[in-house]
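Here is a friendly walk through one protein chain and its ligand. Have the sequence and the 3D view open as you read.

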Amino acid sequence: VDKNSQRLTIAIQKSGRLSKESIALLQACGFKFSLHEARLLAHSSNQPVDLLRVRDDDIPGLVMDGVVDLGLVGENVLEEVRLERQATQLACKVQRLRALDFGQCRLSIAVPKEEAYGGIQDLDGKRIATTYPYLLQNYLQQRGVSANNAILTGSVEVAPRAGLADAICDLVSTGATLEANGLVEKEVIFRSQAQLIQRPEPLSAAKQAIVDQLLPRIDGVQMARE
Ligand code: PRP
Ligand code: ZN
Ligand code: MG
């Protein structure tokens with residue numbers, strides 16, 4: 001990515017829950033893209049706009065560092081990266097431009113269905129598997145619970161049965177994943193939806209003009225869907 005390019009760069013999730021709707025929203029706003037599965041960078045054919053397709057976890061950092069201009073990302077990932085960067089003294093500011101009407105989910109603590117659960121205190125001294133250690137620790141600390149995080153980068157839901165953890169803290173959307181793994185949701189620790197974010201430093205006039213055109217279009221598309 002060329003930081004000095006006059007093309008507005010937008011990071012979106014390459015493959016996952018937000019991918020399809022992110023592309024659909026930008027297309028509904030009038031940007032034409034021809035997407036090839038393997039290609040990480042896609043140029044719009046009718047606007048000076050490039051799409052960068054990356055892992056959702058990388059999107060907040062790319063925006064915070066100004067490597068890309070805009071990002072479409074879940075608040076869950078945004079808040080986790082913000083807390084992590086705050087703790088490690090890295091740049092963690094972004095401009096939140098719009099809450100988007102997709103990607104609704106919650107970050108929840110779940111336990112195996114055969115376990116008795118009387119409240120968050122029951123997790124004191126236990127091990128919780130998650131890919132969201134900062135959001136989880138924040139929640140536990142505020143409640144005076146000290147659990148050990150088992151940080152996994154995926155397949156969190158199998159951790160209890162594999163003997164890696166007593167509970168999990170993961171995203172729940174339909175609840176099908178929990179159900180399939182014999183887990184029951186006990187605490188909702190964060191509610192999330194997709195967000196449009198912008199890098200903290202001002203954009204060039206040319207890029208700002210595109211954003212000024214994009215925002216009312218997003219509002220129009222979302223209003224029509226309500
Ligand atoms: C989340 C989570 C579960 C799944 C839950 O993963 O990790 O695997 O969604 O959804 P459900 O309640 O509808 O079954 P997701 O693909 O969103 O994110 P990731 O690829 O970043 O792990
Ligand atoms: Zn992810
Ligand atoms: Mg997952």
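Predicted model: local features only at pLDDT ≥ 70, side-chain atom pairs only at ≥ 80, totals over all residues.

## Before we start

## The chain as a whole

The protein chain contains 6 helices and 11 strands. Its radius of gyration is 19 Å, close to the 17 Å that the globule rule gives for 226 residues, so the chain is as compact as a globular protein of that length. Along the principal axes, the C-alpha atoms fill a box of roughly 55 × 35 × 35 Å.

Of the 226 residues, 34% count as buried. If we look at contacts with a separation of 6 or more, 67% of them join residues 24 or more positions apart.

## Two domains

The chain is divided into domain 1 (8–103 + 193–225) and domain 2 (105–191). Their C-alpha centres lie 29 Å apart. Where they touch, 8 residues of domain 1 are in contact with 9 residues of domain 2. On the domain 1 side, the touching residues divide into 2 nonpolar, 2 polar and 4 charged.

Phe 102 sits in the loop between β5 and β6 (105–112). Phe 102 and Ser 192 are 90 residues apart in sequence, yet their C-alpha atoms are 9.5 Å apart in space. Setting aside neighbours within four places in sequence, Phe 102 is in contact with Glu 21 and Ala 194.

## Around ligand 1

Which residues are around ligand 1? They are Gly 16, Arg 17, Asp 56, Asp 170, Leu 171, Val 172, Ser 173, Thr 174, Gly 175, Ala 176 and Thr 177. The elements that give two or more residues to this shell are β9 and α5, and β9 supplies the largest share, with 3 residues. By type, the shell divides into 3 nonpolar, 5 polar and 3 charged residues.

Why does ligand 1 lie between domain 1 and domain 2? Both domains give residues to the shell around it, so that is where it is placed.

## A closer look at Ser 173

Ser 173, one of the residues around ligand 1, is found in the loop between β9 (167–172) and α5 (176–180). Is Ser 173 buried or exposed? Ser 173 has 12 other C-beta atoms within 10 Å, so it is exposed; the cut-off for that class is 12 or fewer.

Beyond its neighbours within four places in sequence, Ser 173 is in contact with Arg 17 and Cys 105. Arg 17 is also among the residues around ligand 1.

Helix α3 has 13 residues and reaches 18 Å from its first C-alpha to its last, close to the 18 Å expected at 1.5 Å a residue. Its buried residues are Glu 75, Asn 76, Val 77, Leu 78, Glu 80, Val 81 and Arg 82. After α3 comes Gln 89, in the loop between α3 (75–87) and β5 (95–99). Gln 89 has a positive phi of about 60° although it is not a glycine. With 7 other C-beta atoms within 10 Å, Gln 89 is exposed.

Ser 155 also has a positive phi, of about 50°, without being a glycine. You can find Ser 155 in the loop between β8 (148–151) and β9. Ser 155 is partly exposed, with 13 other C-beta atoms within 10 Å.

## Arg 53 in strand β3

Finally, look at Arg 53, which lies in strand β3 (residues 49–54). It has 19 other C-beta atoms within 10 Å, so Arg 53 is partly exposed. Leaving aside neighbours within four places in sequence, Arg 53 is in contact with Ile 12, Lys 14 and Leu 40. Arg 53 and Arg 143 are 90 residues apart in sequence, and their C-alpha atoms are 38 Å apart in space.

How values were computed
Residues numbered from 1 in each chain as written. Chains lettered and ligands numbered in written order. Domains from an automatic or database assignment. Contact = placed C-beta atoms within 7 Å. Nonpolar A, V, L, I, M, F, W, Y, C, P; charged D, E, K, R; others polar. Helix = DSSP H or I, 4+ residues; strand = E, 2+ residues; numbered from the N terminus. Buried ≥ 20, exposed ≤ 12 C-beta atoms within 10 Å, placed from the backbone. Near = placed C-beta within 6 Å. Expected span 1.5 Å × (residues − 1). Rg over C-alpha atoms; globule rule 2.2 N^0.38 Å.
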